[in-house]
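Subject: Structure for you to look at

Hello,

Please find the structure below, with the sequence alongside. My notes on what was found follow it.

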Amino acid sequence: MKEYTCHHCEHQVTSIHPVTFYEQERERNELLCDDCYSEWLESMKG
Ligand SMILES: [Zn+2]
């Protein structure tokens, strides 16, 4: 099974979520694990 490294916590996980961060004028694509992804979703809600 393929493993991925979470961009945020750097854990090795098999379930990953691609997210797009917007920084000024550029977009950055990163991979987040389940936990970090749910935190990111919460932060997007404000
Ligand atoms: Zn993570």
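Helix H1 lies largely in the open, because the number of buried residues among its 12 is one. This is a predicted model, and everything that follows should be read as such. H1 covers residues 34-45 and reaches 17 Å from its first C-alpha to its last, close to the 16 Å expected at 1.5 Å a residue. After H1 comes Gly 46, whose phi is positive, near 85°.

The overall picture is as follows. The protein has one helix and four strands, and along the sequence these follow the pattern β-β-β-β-α. Its C-alpha trace spans about 35 × 20 × 15 Å along the principal axes. Of the 46 residues, 7% count as buried. Among the contacts with a separation of 6 or more, 28% are between residues 24 or more positions apart.

Next, the strand pairing. E3 and E4 run antiparallel and are joined by seven bridges. Together they form a hairpin, with two residues between the strands. One of the pairings is that of Tyr 22, whose bridge partner in E4 is Glu 27.

The turn of this hairpin holds Gln 24, which has a positive phi of about 50°. Gln 24 is a residue other than glycine, and most residues of that kind have a negative phi. Is Gln 24 buried or exposed? Gln 24 is exposed, because 4 other C-beta atoms lie within 10 Å of its own and a residue with 12 or fewer counts as exposed.

Glu 10 also deserves a look. Its phi is positive, about 65°, although Glu 10 is not a glycine. Glu 10 sits in the loop between strand E1 (4-5) and strand E2 (12-13). With 9 other C-beta atoms within 10 Å, Glu 10 is exposed.

- Position: His 17 belongs to strand E3, which takes in residues 17-23.
- Contacts: leaving aside residues up to four places away in sequence, His 17 touches Leu 32 and Tyr 37.
- Distance: the C-alpha atom of His 17 is separated by 9.1 Å from that of Cys 36, and the two residues are 19 apart along the chain.

- Position: Asn 29 is placed in strand E4, residues 26-32.
- Distance: Asn 29 and Thr 14 are 15 residues apart along the chain, and their C-alpha atoms are separated by 18 Å.

To go back over the main points: the hairpin of E3 and E4 has seven bridges and a turn that includes Gln 24 with its positive phi. H1 is a helix of 12 residues that lies largely in the open. For the protein as a whole, 7% of the 46 residues count as buried.

Regards

Terms used: Residues numbered from 1 in each chain as written. Predicted model: local features only at pLDDT ≥ 70, side-chain atom pairs only at ≥ 80, totals over all residues. Expected span 1.5 Å × (residues − 1). Buried ≥ 20, exposed ≤ 12 C-beta atoms within 10 Å, placed from the backbone. Contact = placed C-beta atoms within 7 Å. Pairing = 2+ DSSP bridges.
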